[in-house]
2 protein chains.
Amino acid sequence: MNYVQFTAETTSNGVVERDFTVGEIPGVLWSPASGPDRAPLVLMGHGGGTHKKWPAMTGRAHLLVTRCGFHVACIDAPGHGDRPRTAHDEQEIAALFEAREAGEPEGPVVVRYNAHLAERAVPEWQATLDALQELPEIGADGPVGYFGLNMGTAIGVPLAAADSRITAAVFGLHWPDALAETAKQITIPVEFDMQWDDEHIPRESALALFDAFASHEKTLHANAGRHKQTPRFEADSAVRFFARHLGCDVTSTA
Amino acid sequence: MNYVQFTAETTSNGVVERDFTVGEIPGVLWSPASGPDRAPLVLMGHGGGTHKKWPAMTGRAHLLVTRCGFHVACIDAPGHGDRPRTAHDEQEIAALFEAREAGEPEGPVVVRYNAHLAERAVPEWQATLDALQELPEIGADGPVGYFGLNMGTAIGVPLAAADSRITAAVFGLHWPDALAETAKQITIPVEFDMQWDDEHIPRESALALFDAFASHEKTLHANAGRHKQTPRFEADSAVRFFARHLGCDVTSTA
């Protein structure tokens, strides 16, 4: 197996940020600058067209680290961030831009391309998790959460279905087409975000994906507003969700 | 106008609980045992068949007082708690029990009876709010929230539509039939709770009522489970909602 190779380290506001690679996969691990020897791990999947250090990623990571003392890891998805694009990636990205230019729905392209990326990304995440769990501050026995919207959900749903180490997940902002059947295999607690006035994802589609999860505990958060207008307080809510399920008393540390 | 007459006072866990009457209406006011001279007020509407000191009411009141320093008031709805039932009340309650015994849907009776109770309750709430705002620790200028599920929503929606002093509300667990038209007049921030597997309220009905609110900021929280299984963490979420909108930094006081 591949091990975590750290390549850079910075510290700000009580959070240590370490760039790493696992084989060819570049990632980043955020950890408390001081804390207990071991803490739960949250994996974060970034959205389509962004990367592991996109502001939403670093912002959520800082919330999770400073409020709960968790470790948080994000890797670049295939064809994203520091990773090369294949000819197929280029072709699908061109198709997406064409649909946008033409004012056509981008759903069909996004659903198809994200499903393809998920096939490549799931084994990468599993190899990364194997390697991260070798680190003494994470370990193989601790709880693991997953937090990813948009493309992060397209990758996270099959990952959570395939890997029982993930025990709680925040998903959202995706179509059910390639995911609903897989979501039916998922029984861990889920918090699911959708936008009530999403111009890309029909309301019924978002509700159908939420409905598909077999989880005994699942919560839908639907906010008024368009696709990119998920309120900031949903990140706070996700922190409290992981606090409940991975073990951290938010109110005592915030 | 009628004034608040206090009839009893107890203190526990930093919360002062004062029974009061405004005219014929019995109520209870929870306040911080120590705190600033003035604080926002949250009105709480109880559910059908319960009363102003039902455990869910006292529990939510203590959360709101201890975490945010708010004042919290609840009054008995017509025909509930310490209040007499009219012949019409007895008739509708009998109809509800008959429907339950017969295994018929209770929605039609509840919708009709709650709409009737709301007509009686809205002016009572407005008289109570008039009187509460005469108290120096509340005042006429402070923000006012409303928090009520089930029958508390049947009363709270027309109340919030009629009274612009209410600036944020948590509603939920009701049918749209008598309420959706009124909800269209409401533009204040709303958090709305529903149960995804509610055996009484069809999923589409709950979604339709949420959809009806004209609020720019509205959030739906749908949890897996049956009618009476709303998770406890939704009370915490309501506290944070009022903290955001009435003015209190929960994280610094919790």
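Residues up to four places away in sequence aside, A:Val122 touches A:Ile155, A:Pro158, A:Leu159 and A:Ala162. In this predicted model, A:Val122 is located in helix H3 of chain A, which comprises residues 107-132.

The largest nonpolar core contains 144 residues. The residues with the most contacts inside this core are A:Leu64, A:Phe70 and A:Phe242, together with B:Leu64, B:Phe70 and B:Phe242. When neighbours within four places in sequence are left aside, the contacts of A:Phe242 are A:Val42, A:Leu64, A:Cys68, A:Phe70, A:Gly145 and A:Ala168.

In chain B, helix H1 covers residues 55-68. Buried positions of H1(B) are B:Met57, B:Arg60, B:Ala61, B:Leu63, B:Leu64, B:Val65 and B:Cys68. After H1(B) comes B:Gly69, which has a positive phi, near 70°.

The interface between the chains involves 14 residues of chain B in contact with 14 residues of chain A. On the chain B side, two or more residues are given by each of strand S9 (218-223) and helix H7 (233-247). S9(B) supplies the largest share, six residues. The side of chain B that touches chain A is made up, by class, of five nonpolar, six polar and three charged residues.

Strand S9 of chain A (residues 218-223) runs antiparallel to S9(B), and five bridges join the two strands. Within this pairing, A:His221 stands opposite B:His221.

Chain B is superposed on chain A by a rotation of 180° with 0.0 Å of shift along the axis, at an RMSD of 0.0 Å. The two copies are therefore related as by a two-fold rotation axis. In chain B, the C-alpha nearest this axis belongs to B:His221, at 2.5 Å from it. Both copies use the same surface, since 100% of the contact residues of chain B recur in chain A.

Definitions and conventions:
Residues numbered from 1 in each chain as written. Chains lettered and ligands numbered in written order. Predicted model: local features only at pLDDT ≥ 70, side-chain atom pairs only at ≥ 80, totals over all residues. Contact = placed C-beta atoms within 7 Å. Helix = DSSP H or I, 4+ residues; strand = E, 2+ residues; numbered from the N terminus. Nonpolar A, V, L, I, M, F, W, Y, C, P; charged D, E, K, R; others polar. Pairing = 2+ DSSP bridges. Least-squares fit on C-alpha atoms with pLDDT ≥ 70 in both. Expected span 1.5 Å × (residues − 1). Buried ≥ 20, exposed ≤ 12 C-beta atoms within 10 Å, placed from the backbone. Core = buried A, V, L, I, M, F, W, Y, C linked by C-beta atoms within 7 Å.
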